[in-house]
Amino acid sequence: MITAAANSFVCDPVVPLTNFDVAKFAGTWYEQQHTKDPQEPSKYQCSTAQYTDLTDDADVAGMKDFKVYNSFQSKVLGLWTPRIGVHAKAKCGTDGGCYVSFFGHAVPEPNLHVLETDYTSYAINYWCDTDQQLVHLWINTREPTVSEEFFSEIYAKAMKLAPSFDEGTLDPRLTQGDMCSYKKLDNKGYSVASFLAAFGM
């Protein structure tokens with residue numbers, strides 16, 4: 001366990017998965033809740049993560065390379081914006097440790113760990129960012145909306161897997177449902193740059 005007493009920053013040890021199957025993990029995930037993060041402000045709602053175009057990694061046996069498209073919507077003047085997002089390149093090993101690179105940045109260590117997933121309904125992802133002293137936790141599901149009972153079950157699993165996690169660092173549950181434009185989800189969606197350009201920003 002890694003600690004920094006100055007702000008009670010604590011990293012829980014990650015237990016590697018066995019035979020993590022990236023192909024089964026690929027597809028679309030709907031974000032239900034995550035840690036407060038300037039890179040994911042609370043105005044970002046209807047958030048999804050798409051993992052597509054899997055290939056074998058050229059350098060490391062057992063690793064799979066794939067494309068990432070993280071997208072969201074926001075509400076402006078009472079109206080939902082078009083879905084926009086950012087693209088990334090990633091690779092994961094059979095232990096559930098993943099390297100996700102945005103804007104070509106080097107990623108020497110895994111910056112996303114799949115702590116637990118059944119591939120078909122939920123995934124609990126984690127990253128203890130020692131540089132920023134921020135513990136990231138993401139609770140994702142395969143369906144946009146889930147029952148409170150099911151979400152509570154996943155949440156309890158997450159807290160058990162990361163017992164030192166500070167629940168007070170979580171943002172509220174994200175908006176998901178009929179108001180979101182999931183029908184427009186594809187790997188050719190709007191980028192943040194194109195959205196800003198459209199508004200002359």
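## Confidence of the model

In this predicted model, residues 1–6 have a pLDDT that stays under 50, and the model gives them eleven contacts beyond four places in sequence. For the protein as a whole, the mean pLDDT is 89, with 87% of the residues reaching 70 or more.

## Disulfides

Three disulfides are found in a search of the whole structure, and when the bonded cysteines are numbered in sequence order their pairing reads 1-5, 2-6, 3-4. Cys-11 and Cys-128 form a disulfide with their sulfur atoms 1.7 Å apart, and with -70° about the S-S bond this link is left-handed. Because Cys-11 belongs to strand β2 (residues 9–11) and Cys-128 to strand β11 (residues 122–129), the pair ties together parts that are 117 residues apart in sequence. Cys-11 is buried at a relative accessible area of 5%, and Cys-128, with 16% relative accessibility, also counts as buried.

In the disulfide of Cys-46 and Cys-180 the sulfur atoms are 2.0 Å apart, and the torsion about the S-S bond is about -70°, so this disulfide is left-handed. Cys-46 lies in strand β4, whereas Cys-180 lies in the loop between α2 (148–161) and β13 (190–191), so that parts 134 residues apart in sequence are tied together. Cys-46 is buried, at 0% relative accessibility, and Cys-180 is buried with a relative accessible area of 8%. Cys-92 and Cys-98 form a disulfide whose sulfur atoms are 1.9 Å apart, and a torsion of about 110° about the S-S bond makes it right-handed; Cys-92 counts as buried at 1% relative accessibility, as does Cys-98 at 2%.

Glu-40, in the loop between β3 (27–34) and β4, is buried yet has no salt bridge, the nearest side chain of opposite charge being that of Arg-83, 11 Å away. Beyond its neighbours within four places in sequence, Glu-40 is in contact with Glu-31, His-34, Trp-138 and Asp-171.

Asp-57, in the loop between β4 (45–56) and β5 (64–73), is buried with a relative accessible area of 11%. Its side chain reaches the backbone nitrogen of Asp-59 at 2.9 Å, and a polar atom of that side chain lies 2.8 Å from the backbone nitrogen of Val-60. Not counting residues up to four places away in sequence, Asp-57 touches Met-63, Lys-64, Asp-65 and Lys-91.

Conventions. Residues are numbered from 1 along each chain as its sequence is written. This is a predicted model: local features need pLDDT of at least 70, side-chain atom pairs count only at pLDDT 80 or more; totals for chains, interfaces and linings use all residues. Side-chain values use heavy atoms; hydrogens and water are left out. Helices (H or I, at least four residues) and strands (E, at least two) are DSSP runs, numbered from the N terminus. Buried means under 20% relative accessible area, exposed over 50%, partly exposed in between (1.4 Å probe, protein chains only). A polar contact is a pair of N or O atoms within 3.5 Å; within protein, one must be able to donate a hydrogen and the other to accept it, and residues adjacent in sequence count only if both atoms are side-chain atoms. Contact means heavy atoms within 4.5 Å. pLDDT is the predictor's confidence in each residue, from 0 to 100. Lys and Arg count as positive and Asp and Glu as negative; His and the chain ends are not counted. A salt bridge is a side-chain nitrogen of Lys or Arg within 4 Å of a carboxyl oxygen of Asp or Glu. A disulfide is a pair of cysteine sulfur atoms within 2.5 Å.
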